[in-house]
Amino acid sequence: MMHPDLQQWIEFAFDRPVRDPAWYWDRHAPECTLPPSRVAELDAETFERGEQLLASFSSGQLRQGLEYLTSTACSPQGWALVDPGVAEATRLRVVRSFVPLFETVMQRRCSPHLLHLDEAGADPLNVACYMWWEWLPFAPSHPDDGDRRFGGDRAAQARFDEQAMLGMARILDIPHDACRESALHGLGHWHLRYPQRSAAIIDRFLEHSPCLRAELRAYAEAARSGMVQ
């Protein structure tokens with residue numbers, strides 16, 4: 001049975017006209033007043049059941065809604081993932097939920113265009129797919145900068161980072177160029193703190209992808225060295 005708050009959450013984030021600028025840039029836009037712990041729970045269920053819950057929305061609506069939920073430039077909702085008041089089990093559940101979202105929504109809706117090359121004709125949802133790991137506020141900082149996520153709990157940071165990188169590795173295995181590009185984009189940014197781990201994931205991907213499109217292989221080689229934007 002659907003939680004009574006879940007349908008309201010879905011409608012609030014996704015059931016909006018597609019426009020530029022998006023609805024959340026309006027200074028009179030409605031605000032979400034849920035606590036971070038509830039935001040994280042709703043995010044997880046939305047992404048885990050995306051195939052069912054998001055089926056009625058257009059790619060443009062999905063792009064807007066996913067940016068609203070993840071990009072802290074658009075709303076405060078993304079901060080729930082690094083809020084020390086949110087239970088660790090809930091935070092990790094949200095990160096794990098990215099994989100089914102990519103498997104059941106991104107893979108089926110996105111076109112095979114590569115956005116790092118600005119290829120014309122891409123589906124609107126490709127923007128959210130490509131920018132996913134950059135929109136989210138939890139990429140680890142350079143080791144020399146310290147890390148203030150989760151109240152400075154380093155053990156929690158390490159567990160979270162491992163789950164995120166496992167997610168990127170699984171998304172990289174999805175046989176769809178837009179999903180692969182997204183994971184490579186994320187791994188390229190995470191190379192700053194985890195150069196060996198990121199490179200190992202990408203090396204494994206390249207070893208098992210002999211028929212990879214040349215442009216995507218070149219992007220993988222760049223991501224392997226952290227050379228992504």
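## Helix α9

In this predicted model, six residues of α9 are named as buried: Ser-198, Ala-199, Ile-201, Ile-202, Phe-205 and Leu-206. They sit on the same side of α9, because the arc they cover around the axis is only 160°. Gln-196 and Glu-207 are on the other side of the helix, and both are exposed.

## Trp-133 in α6

Trp-133 belongs to helix α6, which spans residues 125-135. Its relative accessibility is 4%, so Trp-133 counts as buried; the cut-off for buried is under 20%.

Gly-78 is 55 residues from Trp-133 along the chain, and their C-alpha atoms are separated by 12 Å.

Phe-14 is placed in helix α1. With a relative accessible area of 0%, Phe-14 is buried. Beyond its neighbours within four places in sequence, Phe-14 is in contact with Thr-46, Leu-54, Phe-57 and Gln-61, among others. Leu-62, Gly-65, Leu-66 and Leu-69 are also contacts of Phe-14.

Thr-46, a contact of Phe-14, is one of the buried residues of α2. Arg-38, Val-39, Ala-40 and Leu-42 are buried in α2 as well. The buried set also includes Asp-43, Ala-44, Glu-45 and Phe-47. The 13 residues of α2 should span 18 Å at 1.5 Å a residue. The end C-alpha atoms of α2 are 18 Å apart, which agrees.

## Loops

Asp-20 and Pro-21 are joined by a cis peptide bond, with omega about 5°. Pro-21 lies in the loop that links α1 (4-14) and α2 (36-48).

Asp-118 is in another loop, between α5 (88-109) and α6. Its phi is near 55°, a positive value in a residue other than glycine. Asp-118 counts as exposed because its relative accessibility is 68%, and the cut-off for exposed is over 50%.

## Arg-154 in α7

Helix α7 holds Arg-154. At 69% relative accessibility, Arg-154 counts as exposed. Trp-79 is 75 residues away from Arg-154 in sequence, and the two are 18 Å apart in space, C-alpha to C-alpha.

## The largest pocket

The largest pocket has a volume of about 160 Å³. Its lining comprises 13 residues. Nearest the centre lie Tyr-24, Ala-29, Pro-30, Glu-31 and Cys-74. By class, the lining has eight nonpolar residues, two polar and three charged.

How values were computed:
Residues numbered from 1 in each chain as written. Predicted model: local features only at pLDDT ≥ 70, side-chain atom pairs only at ≥ 80, totals over all residues. Heavy atoms only, no water. Buried < 20%, exposed > 50% of the residue type's maximum accessible area, 1.4 Å probe, protein only. Helix = DSSP H or I, 4+ residues; strand = E, 2+ residues; numbered from the N terminus. Arc of directions from axis to C-beta. 1 Å grid on protein atoms, 1.4 Å probe; cavity = no way out; pocket = protein on both sides within 12 Å on 5 of 7 lines; lining within 4 Å. Points joined across faces, edges and corners; volume = space filled by probe spheres on them. Nonpolar A, V, L, I, M, F, W, Y, C, P; charged D, E, K, R; others polar. Expected span 1.5 Å × (residues − 1). Contact = heavy atoms within 4.5 Å.
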